[in-house]
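Reader: Hi! Could you walk me through this model in plain words?

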Amino acid sequence: DDNIIQKNLAASYIQAGDFTRAHKMIKKLERYYPDSAVVNSAWGQYYLAAGQPQEALHYYQRLLGKSFFTNYSMSLCYSKLGNLDKAIGFAQTSFNLNQLYLPNIIQLATLYQETNQTEQAKKYFILARELDPKNSQF
């Protein structure tokens with residue numbers, strides 16, 4: 001599907017730090033698929049990577065309840081904004097929807113550690129290690 005190819009290309013530009021090309025690609029995508037989940041997700045990724053988590057939230061909130069990844073992304077935004085309680089809530093919702101997504105499990109462990117909830121942090125670090133035993137991050 002053309003819109004997924006364009007979104008993936010925009011994501012590649014974002015990952016490479018080429019925000020000018022990413023912006024152009026998302027604008028092009030938006031012309032053909034206005035206010036679609038694909039466009040909202042792409043804008044959310046764009047603004048989060050560009051260091052604008054508040055703007056990213058604007059787009060991610062349109063997708064709430066639809067995917068574990070959106071909840072994970074909302075958690076990242078709130079974490080960057082310093083609202084760790086909300087970040088934990090969204091990360092927990094993401095975990096409830098997908099208990100194998102390692103970046104979210106690490107996010108949960110880190111958030112619990114940052115809020116001095118040691119037992120919860122330990123639980124998620126152990127789970128992360130079980131899912132990826134070769135990762136030295138844990």
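This is a predicted model: local features need pLDDT of at least 70, side-chain atom pairs count only at pLDDT 80 or more; totals for chains, interfaces and linings use all residues.

Reader: Great. At what angle do α3 and α4 pack?

Author: About 170°, and their axes are 7 Å apart. Helices here are DSSP runs of H or I with at least four residues, numbered from the N terminus. Axes are lines fitted to C-alpha atoms over the stretch in contact, with angles of 0 to 180 degrees between N-to-C directions. So α3 and α4 are roughly antiparallel (over 145 degrees).

Reader: Which residues of α3 and α4 meet?

Author: From α3 come N40, S41, W43, G44, Q45, Y47 and L48, and they meet P53, E55, A56, Y59 and Y60 of α4 (contact is heavy atoms within 4.5 Å). Sorted by class, this contact of α3 with α4 has seven nonpolar, four polar and one charged residues. Nonpolar means Ala, Val, Leu, Ile, Met, Phe, Trp, Tyr, Cys and Pro, charged means Asp, Glu, Lys and Arg, and the others, Gly among them, are polar.

Reader: I noticed Q45 in there. What else does Q45 touch?

Author: Q45, which lies in helix α3, is in contact with K7, A11, I14, Y60 and F69, leaving aside neighbours within four places in sequence. The C-alpha atoms of Q45 and S73 are 8.1 Å apart, though the two residues sit 28 residues apart along the chain.

Reader: Nice. And how do α4 and α5 pack?

Author: Helix α4 (residues 53-60) and α5 pack at about 155°, with 9 Å between their axes. That makes α4 roughly antiparallel to α5. In α4, P53, A56, L57 and Y60 do the touching, and their partners in α5 are T70, S73, M74, C77, Y78 and K80. The contact of α4 with α5 has seven nonpolar, two polar and one charged residues.

Reader: Switching topic: which residues line the largest pocket?

Author: Its lining is Q45, L48, A49, Y60, F69, Y72, S73, L76 and K80. A pocket is an open set of points on a 1 Å grid over the protein atoms alone, where a 1.4 Å probe fits, with protein on both sides within 12 Å along at least five of seven lines; lining residues have an atom within 4 Å of a point.

Reader: Which helix gives the largest share of that lining?

Author: α5, with five residues. The elements giving two or more residues are α3 (37-49) and α5 (68-80). By class, the lining of the largest pocket has six nonpolar, two polar and one charged residues.

Reader: Last one: how do α6 and α7 cross?

Author: Helix α6 (residues 84-97) and helix α7 (residues 102-114) cross at roughly 150°, and their axes come within 9 Å. They are therefore roughly antiparallel to each other. α6 contributes L84, A87, I88, A91, Q92, S94 and F95 to the contact, and α7 contributes N104, I105, Q107, L108, L111, Y112 and E114. This contact of α6 with α7 has nine nonpolar, four polar and one charged residues.

Reader: Thanks, that helps a lot!

Note on methods. Residues are numbered from 1 along each chain as its sequence is written. Side-chain values use heavy atoms; hydrogens and water are left out. Angles under 35 degrees count as roughly parallel, over 145 as roughly antiparallel, 65 to 115 as roughly perpendicular and the rest as oblique.
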